[in-house]
Amino acid sequence: MSVDPMSAVPDPPVFAGRRFAVMGLGRAGLAAARRLAAWSAEVTAWDDSAAARDAARDAGVTLADLAARPLAGLDALVLSPGIPHLLPEPHPVAAKARAEGVPILADVELLYRAVRATGSRARFLGITGTNGKSTTTALLAHILRRAGLPVEAGANLGPPALSLKMLGSDGVYCLEMSSYMLERLATVRFDAAAMLNLSPDHLDRHGDMAGYAAAKRHIFDRQDESCTAVVGVDDRYAAAMAEALARGPARLVRISGRGVVRGGVYVAHGRVVDDRGPSPVRLASLIGTLTLPGTHNAQNAAAAAALAVSLGVGANEIADGIASFPGLPHRQELVAEVAGVRFVNDSKATNTDAAARALGCYPRVFWIAGGRAKEGGIASLAPHFPAIAQAFLIGEAAEAFATTLAAAGVPHTISGTLDRAVAEAFAAARAEAPSVVLLSPACASFDQFRDYEARGAAFAALARALAVEVGR
């Protein structure tokens, strides 16, 4: 495929005369404040954290307490995804914006408007789901780049939306979309969008499972007959959404990582197959692809392949992209091998559904779990308990997880901290090497770490330190 050398275009004054407020100055909010100003908008920003305000001030951002000034007349409030505007309780600035009739938008919405304002017809691809969206987004971007397309990837994954380059009409945006972001879109139309899977998560923000599913379904809003809707059918919630979308107007593509789906894209016997034509077409092989283990990653590969096909990418290019995919950090990442013990970092598994996917990849495992638990604990992981040689529990959830495991007769140790868990897991795993120590916490990290990335980096550092110690 040919690449337009002018595909990345400079920032134009697309928002001259517009007025925006930005609430929340973390990575995404700070990028939004700076980029909107670069597009000639008038921007006022605030964060409840003094440290975040200091960093923004150093970056040249204009600050003012948004709760203490009128918001009426603003074009929009750009609200950090982590700040609620409805449930469980709206942030005061969000409540003020709603009362004064100011739209509350996600940064992706403003990226879309800016790109379209330049006249660019760059295609927008959105990926969501409870699990797998980061891997699918990264895999899709990798396939498209290998195929020669100009690609920008980010949003919920990696670079914030408003730090991405402006692309020309041959460009493609691959955007990971959280439920928080999807409910704050107003005009975005994804040329192709994927909803991978659905299991209970973030229910405090969406009220119940119906509210969560409704937020996820927004990824298909405003699609027409020229668009593609890719939906997983490996769980009942997503399968029900596929049935509801079958009436169109977008072209529906059902996907599965577990076997044949007539008229869809699926993985069977390690091969990605497109069954939408007169006869099935093999798009790629996952056999020997170490960075995409398990049926959940098979579904991710099917989704990425279906989205790539919607852009006209050929089977050979898809196969090459999947075969050369380097994987993502903190998603079943092999970080060290010490005395026959493999250390696998799956710190991104912040809920039980994600942890189940990792546990299902190993016949026997020494499992490190715990942190700040989500509703329901780990009872749903019971089918995987027979594979757990021993569990090493950390953080706030350790005692509750221990109770569940004790009732099921699963050997376990309350380690408390990650450094103790790694040392104790290594000692146990080394006694029956070759073996696997898996960090797949089934919990948020915020009791002991800044985020899942910091937790995963700590795990990797501890494992590599053991390699040095044992190698002496």
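Two strands count as paired here if DSSP finds at least two bridges between them, and helices (H or I, at least four residues) and strands (E, at least two) are DSSP runs, numbered from the N terminus. You're looking at a predicted model, where local features need pLDDT of at least 70, side-chain atom pairs count only at pLDDT 80 or more, and totals for chains, interfaces and linings use all residues. Residues are numbered from 1 along each chain as its sequence is written, and side-chain values use heavy atoms, leaving out hydrogens and water.

**Stop one: the sheet.** Select E16, E17, E22, E18, E20 and E21: in that order they form an open six-stranded sheet with mixed pairing. E16 and E21 (412–416) are its edges, each pairing on one side only.

Now pick E17 and E22 (residues 435–439), which run parallel and are joined by five bridges. Click arginine 342 and you'll find its bridge partner, valine 436, in E22.

**Stop three: the helices.** Show H14 (residues 418–430), which lies across E16, E17, E18 (365–370), E20 (388–394), E21 and E22. Contact here means heavy atoms within 4.5 Å.

**Stop four: a pocket's lining.** Which residues lie nearest the centre of the second largest pocket? Select Pro293, Asn297, Arg331, Gln332 and Glu333, from a lining of 30 residues. On a 1 Å grid over the protein atoms alone, a pocket is an open set of points where a 1.4 Å probe fits, with protein on both sides within 12 Å along at least five of seven lines; lining residues have an atom within 4 Å of a point.

Key. Axes fitted to C-alpha atoms, helices over the stretch in contact; angles between N-to-C directions.
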